[in-house]
Amino acid sequence: MEDERRWEELEVDCLVNIFGRVGMESLLLDVPFVCKSCFDLGDPHWGTLIQRFIDEYRLDESRFSVTAFVKFIISRSKGKAIYLRLSPSASEDVLKYAADECPALKFLALPCRLVNRKSSIIGKWTNLEYLVLGSSYNLENFLGQISIHCKNLCLLNVANANIGKDKAMAIVSLLPKLKQLILKNAIIDRGALVTLLQGCNELERLDVSNCIGFDEGDEEIAKLASHIANFSSGGSTLFDYDDYDDGHISHDEMVYGYGSD
């Protein structure tokens, strides 16, 4: 049994070739539940998949509801889905439906527009371990719900983040046992980063690469991060030098916070 090949070990190109020969019904209703790799495979191509569904079944595109389509897929999980990544076009209605129909979720990714509107609903996923947020807006409210209801959360990934002292303190105080924190391409105040490094004592991974607000070669930051097994800060700079070089930011704006007349 040790030599038996596993579906999730196949190369993605091989899976694409195989599933390109599968009928639409099986592709939608069966393949996503074979293994996690098969589910992830379709994630970047949902728009194409939906269009193929419309074309193959000769549906009236003007009457086709993406919300109804996503709800149909969720309903097929029979409450056993553990991985859900909602697209940027997902509605609040879909989010509410998922909260009721997918109580066993362990991985959840929410696009920016839903992060900006909903936080209390996160408390319904008590088994959640991995959370990806499309923005840092409303972050403190999300973390408050997580600290109460999602005791197993070990990874937080925030895209398009803007992390100041308040948000850093919220992460430290509300998620003290967090293992992995990903803030790539963020705007993060150096003082806020110091707060995270000093307060998140159980972090095993911290990714603050390509950020603006501190230099990747900062020796104090490196020393404070020495207890973290996987720390990444490559490409991070104190300022956005591209904007500075293009003339978008003046010297006075960069140093003093205001421009010169």
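How are H8 and H9 oriented to each other, roughly parallel or roughly antiparallel?

**Entry 1: the chain as a whole**

I am working from a predicted model. The chain has 261 residues, and 38% of them are buried. I then looked at contacts between residues at least 6 apart in sequence, and 58% of these join residues at least 24 apart.

**Entry 2: the sheet**

I traced an open sheet of 7 strands, in the order S1-S2-S3-S4-S6-S8-S9, with parallel pairing. S1 and S9 (230-232) are the edge strands; each has a single partner strand, so one side of each has no neighbour in the sheet. From one strand to the next, the twist averages 5°. I noted a general point here: strands of a sheet pair through backbone hydrogen bonds, either parallel or antiparallel.

**Entry 3: S1 and S2**

S1 (residues 83-85) pairs with S2 in the parallel sense over 3 bridges. Leu 84 has Leu 108 in S2 as its bridge partner. To get from S1 to S2, the chain passes through helix H6 (residues 92-101), and this β-α-β crossover is right-handed.

Next I checked where the side chains of S2 (residues 107-110) point. Phe 107 and Ala 109 point one way, Leu 108 and Leu 110 point the other way, and all are buried. I compared this with the general rule: in a regular strand the side chains alternate between the two faces of the sheet.

**Entry 4: S2 and S3**

S2 and S3 are paired in the parallel sense, with 4 bridges. I looked up two positions of S2. Phe 107 is opposite Tyr 130 in S3, and Leu 110 has Leu 133 in S3 as its bridge partner.

S3 (residues 130-133) and S4 (residues 155-158) run parallel and are joined by 4 bridges. Leu 131 is opposite Leu 156 in S4. Between S3 and S4 the chain goes through helix H8 (residues 139-149), in a β-α-β crossover that is right-handed.

On to the next pair: S4 and S6 (residues 180-182) also run parallel, joined by 3 bridges. Leu 156 is opposite Leu 181 in S6, and the bridge partner of Asn 157 in S6 is Ile 182. I wrote down that Leu 156 stands opposite Leu 131 as well as opposite Leu 181.

**Entry 5: H8 against H9**

Now I return to my opening question. Two packed helices are described by the angle between their axes and the distance between the axes. H8 and H9 pack at about 5°, with 10 Å between their axes. H8 and H9 are therefore roughly parallel to each other; the cut-off for this term is an angle under 35 degrees.

I listed the residues that make the contact. H8 gives Leu 139, Glu 140, Leu 143, Gly 144 and Ser 147, while H9 gives Asp 166, Lys 167, Ala 170, Ile 171 and Leu 174. Sorted by class, the residues in this contact of H8 with H9 are 5 nonpolar, 2 polar and 3 charged.

**Entry 6: H9 against H10**

Which helix did I check next? I took H9 (residues 165-174) with H10 (residues 190-199), which pack at an angle of about 10° with axes 8 Å apart. That angle makes H9 roughly parallel to H10.

On the H9 side I found Lys 165, Ala 168, Met 169, Ile 171 and Val 172; they meet Gly 191, Ala 192, Thr 195, Leu 196 and Gly 199 in H10. The classes in this contact of H9 with H10 are 6 nonpolar, 3 polar and 1 charged. Ile 171 of H9 is listed in the contact with H8 and also in the contact with H10.

Notes:
Residues numbered from 1 in each chain as written. Predicted model: local features only at pLDDT ≥ 70, side-chain atom pairs only at ≥ 80, totals over all residues. Heavy atoms only, no water. Pairing = 2+ DSSP bridges. Right-handed = clockwise from strand over helix to strand, strands pointing away. Axes fitted to C-alpha atoms, helices over the stretch in contact; angles between N-to-C directions. Parallel < 35°, antiparallel > 145°, perpendicular 65-115°, else oblique. Contact = heavy atoms within 4.5 Å. Nonpolar A, V, L, I, M, F, W, Y, C, P; charged D, E, K, R; others polar. Buried < 20%, exposed > 50% of the residue type's maximum accessible area, 1.4 Å probe, protein only.
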